[in-house]
Amino acid sequence: VSTDTLYPPQEQFALAEALPNARYEILDCPHGHDGFLIETERLGQLISDFRRKTRSDRALRVVSSGSE
């Protein structure tokens with residue numbers, strides 16, 4: 001959340017950089033730390049997009065490794 005002061009964006013970016021298969025996204029909203037509780041539709045879309053891409057990437061790795 002862009003306005004989160006409890007877990008600032010720069011700390012979240014560092015966390016995403018350190019975690020395998022993570023993706024850094026910003027939920028831009030004025031609600032601070034509670035933004036993820038208020039902007040549920042937008043957050044849900046970010047999560048859905050991440051899961052869809054993760055499944056697609058995994059399927060590509062399986063197909064690629066099976067063709068070698």
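**Exercise 1: an aromatic pair**

The model is a predicted one, in which local features need pLDDT (the predictor's confidence in each residue, from 0 to 100) of at least 70 and side-chain atom pairs count only at pLDDT 80 or more, while totals for chains, interfaces and linings use all residues. Residues are numbered from 1 along each chain as its sequence is written, and side-chain values use heavy atoms, with hydrogens and water left out.

Task: classify the ring pair of F13 and Y24 from the distance of the centres and the angle of the planes.

Solution. Rings of Phe, Tyr and Trp (its six-membered ring) pair if their centres lie within 6.5 Å, and planes under 30 degrees apart count as stacked, over 60 as edge-to-face and the rest as tilted. By this rule the count comes to one aromatic pair. The centres of the F13 and Y24 rings are 5.2 Å apart and their planes stand at 90 degrees, so the pair is edge-to-face. The pair links distant parts of the chain, eleven residues apart, with F13 in helix α1 and Y24 in the loop between α1 and α2 (35–38); helices here are DSSP runs (H or I, at least four residues), numbered from the N terminus. F13, at 40% relative accessibility, also counts as partly exposed.

**Exercise 2: salt bridges**

Task: find the salt bridges and state the accessibility of the residues that form them.

Solution. With a salt bridge taken as a side-chain nitrogen of Lys or Arg within 4 Å of a carboxyl oxygen of Asp or Glu, the structure holds three.

- R23 pairs with E25, their closest N and O atoms being 3.0 Å apart; R23 is partly exposed at 32%, and E25 is partly exposed at 38%.
- R42 meets E39 at 3.2 Å, N to O; R42 is partly exposed at 38%, whereas E39 is buried, with a relative accessible area of 18%.
- D49 meets R52 at 2.8 Å, N to O, and because these residues are three apart in helix α3, about one helical turn separates them.

Key:
Helix = DSSP H or I, 4+ residues; strand = E, 2+ residues; numbered from the N terminus. Buried < 20%, exposed > 50% of the residue type's maximum accessible area, 1.4 Å probe, protein only.
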